[in-house]
Amino acid sequence: SLQQRMEKLEFCMLLIIVVAITGIQCQTNLSTYDNEFYVGFYEHVHTAQTHQFYIHTYKTTPVSFNITSLDGVFSYTGTCTHLNPAIVDIPFSYEVRGYDYSWRSKGLRISSDDVEPISVVGWSYRSAADFMAYLAYPCHKQPTTEYVYYAVSSLGYSDNKGEFLIVGCHDNSRVTIIPTGTITLPIDAQDMNSSTITLTAGQNHSLVLHSMQTLLIFASHIDLTASKILSNQPLTILSGHEASRVPFGFGDADPVITQVLPTIQW
């Protein structure tokens, strides 16, 4: 039944959390636990009807956390424990579906006290058969002046899009994008009336993103895997496809998403 399928999905989400924290009982450079995350959601193949965050802690006592949005419309305060992760519904209006300025303020910040680290899983679904989920990593400062990221994607169904969402973690982040296929993006991410520029494979364009700002890069009929993103400050990069086919040509398709880390953390 649908209820049984949804219960199985919730169990899978909790299992992701358990696997992620196995053997990680403190904050480290590669830990999924921290007190601050910059996150978001990109376009789901069916425009997801539900977006949620699962928020967990290894603490046995309740840990308070806050979720705030850049546009100031959504906020949430809650608690979680190691046995009772919080499940928070996020309005579907925070699903980023374009690159123009109207989609720039869709970033979300999840935070807790310094001594009360949390772990975050984001997931989206329309039905029990159409869901995607990712384990969030914090934006840690590293001993470098250039952060390097590589997108992962695939080919997909029909004209559905391969995509990656950039979420700013700090103000005045200088971001350079070098795609592996033809993409279009704004010339100036801070200008609501900005013209666009089209890049072909190997070309580059630089722009500035501020904390919690979002920029979606996407293309149809192209595998954006290995597209390169450079920045002078850490970013959150969520990468995948809204209707991936692996292997390509397989009869069905599903949305996929993962957060990619900078190469200095490989």
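Trainee: Which residues do ring pairs link into a cluster?

Mentor: Ring pairs link Tyr54, Trp123, Tyr125 and Phe131 into a cluster. The model is a predicted one, in which local features need pLDDT of at least 70 and side-chain atom pairs count only at pLDDT 80 or more, while totals for chains, interfaces and linings use all residues. Residues are numbered from 1 along each chain as its sequence is written, and side-chain values use heavy atoms, with hydrogens and water left out.

Trainee: Why is the pair of Trp123 and Tyr125 called tilted?

Mentor: Rings of Phe, Tyr and Trp (its six-membered ring) pair if their centres lie within 6.5 Å; planes under 30 degrees apart count as stacked, over 60 as edge-to-face and the rest as tilted. By this rule the count comes to 10 aromatic pairs. For Trp123 and Tyr125 the centres are 4.8 Å apart and the planes stand at 40°, so the pair is tilted.

Trainee: What makes Trp123 count as buried?

Mentor: Buried means under 20% relative accessible area, exposed over 50%, and partly exposed in between (1.4 Å probe, protein chains only). Trp123 has 1% relative accessibility and therefore counts as buried. Tyr125, at 16%, is buried by that rule too.

Trainee: How do you know that Cys139 and Cys169 form a disulfide?

Mentor: A disulfide is a pair of cysteine sulfur atoms within 2.5 Å. The S to S distance between Cys139 and Cys169 is 1.8 Å, and the count by this rule comes to 1 disulfide. Cys139 lies in the loop between strand S10 (130-135) and strand S11 (147-150), and Cys169 in the loop between S12 and S13, so the pair ties together parts that are 30 residues apart in sequence. Strands here are DSSP runs (E, at least two residues), numbered from the N terminus. Cys139 is buried at 15% relative accessible area, and Cys169 is buried at 3%.

Trainee: Why is Lys106 said to sit over the ring of Tyr94?

Mentor: A charge sits over a ring if NZ of Lys or CZ of Arg is within 6 Å of the ring centre and within 35 degrees of the ring normal. The charged end of Lys106 sits over the ring of Tyr94, 5.6 Å from its centre. Lys161 lies over the face of Phe218, at 5.5 Å from the ring centre.

Definitions and conventions
Helix = DSSP H or I, 4+ residues; strand = E, 2+ residues; numbered from the N terminus.
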